[in-house]
Structures are given as C-alpha cells and as structure tokens.
Amino acid sequence: QWYQRRVRERKSKRLQRELAWKNLNSRKPSENYEDPKMLAAIEDAKNNMGDFNLKTAKNYKVPESQRQGGTYKRAQLLELRRMIYMTKMNFNERLLALRDQKQKMISEAEEWSKRLDVIQERLPPESVMKKPRVPKLLDDEIPERAMEYTPESLREFKKKYSALIPLL
C-alpha cells in the first residue's frame, strides 16, 4: 500500500515536470527569431555611424586633430619624470621618518635597559633575570655614514693609497 502511494506520487511529479517543460518550450522563440528592437538598433548604427577606417589599414592617416607632435610628447615625458621624482622623494621621506621613529624607539629601549640594570642591582642575585637585547640600527639603514670619516679612517686611507699615489 505505501509502495503504491509512492509510485503514484512519483508518476504525478513526473507528469507535472513534463507539463512544465512543455509550457516552457512552447514559450521559447524559434531559431530564426530576431528581436525587432535589435534589428532597428543595428540598422540605425549602419545608417548613422559612418565608415571608420581601421588604424591597421595601409592607407590610414592620423587626422590632424589627433596628431601628437614632439613638443607634446616631450612635455609628457618631462611630466612623467617629475612624477617619478616626486614618488621617489615621497618614498624617501617616509622611509627616513620610519628610520627616525626606529631610532627613537631604540633610544627609549636603551633607557629602559639602564633602568632595568639599576633595578637588578638592588635585587638578590637569584632573582636577577637575563634582560632582552636592545636592537641597533643596521649600517644599511644609515647610508650617509659611508660619507663620514674619522682621523683614524683617514690614516688607513693614506696607508692604503700611499704606495699608489706618492703625493699622499
């Protein structure tokens, strides 16, 4: 009995699906149907758009109004160079600001380290803990140091190059 009921339910659902498909297929336009609005738009474009030459055609010439001379391109190139320069300058300014901020944080960490030393001197030896290492600025972070010199570095330079250049 329950099996027969299930069979009838499936059969009715199948019939409903077939009716739905028939209804859907009956509303489907034929293969040769063309929308009149689209046909009108295509016809309007053909009548009003004109004939455009392709830029790849051999007989194509750039209209005078669209030509760009050397002075325009030079000005454009100079503007691009200025923009590149400004971008580099802004980057360098931000980088130097970050370096200064890091230097400030390092100096604060050194102050805290000195305070920690004072506090640990007062503590009993078994309570003293190893303190964290204070970071330092790397040589790569301060490239202008390469241009600085000391009397010792000058003496080393003189020793190194005295054999090559007798005037030193």
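**Exercise 1: a bridge from a loop**

Lysine 131 counts as partly exposed, at 28% relative accessibility (partly exposed lies between buried, under 20% relative accessible area, and exposed, over 50%, with a 1.4 Å probe and protein chains only). The model is predicted: local features need pLDDT of at least 70, side-chain atom pairs count only at pLDDT 80 or more, and totals for chains, interfaces and linings use all residues. Residues are numbered from 1 along each chain as its sequence is written, and side-chain values use heavy atoms, leaving out hydrogens and water.

Task: Find which residue forms a salt bridge with lysine 131.

Solution: 
- Recall the term: a salt bridge is a side-chain nitrogen of Lys or Arg within 4 Å of a carboxyl oxygen of Asp or Glu.
- The partner is aspartate 117, with the closest N and O atoms 2.6 Å apart.
- Lysine 131 lies in the loop between H3 and H4 and aspartate 117 in helix H3, so the pair ties together parts 14 residues apart in sequence (helices are DSSP runs of H or I, at least four residues, numbered from the N terminus).
- Aspartate 117 is partly exposed too, with a relative accessible area of 31%.

**Exercise 2: a bridge inside a helix**

Task: Locate arginine 82 and glutamate 79 in the structure.

Solution: 
- Both lie in helix H3 (residues 70-122), three residues apart, about one turn of the helix.
- Arginine 82 is partly exposed at 44% relative accessibility, and glutamate 79 is partly exposed at 35%.

Note on methods
Helices (H or I, at least four residues) and strands (E, at least two) are DSSP runs, numbered from the N terminus.
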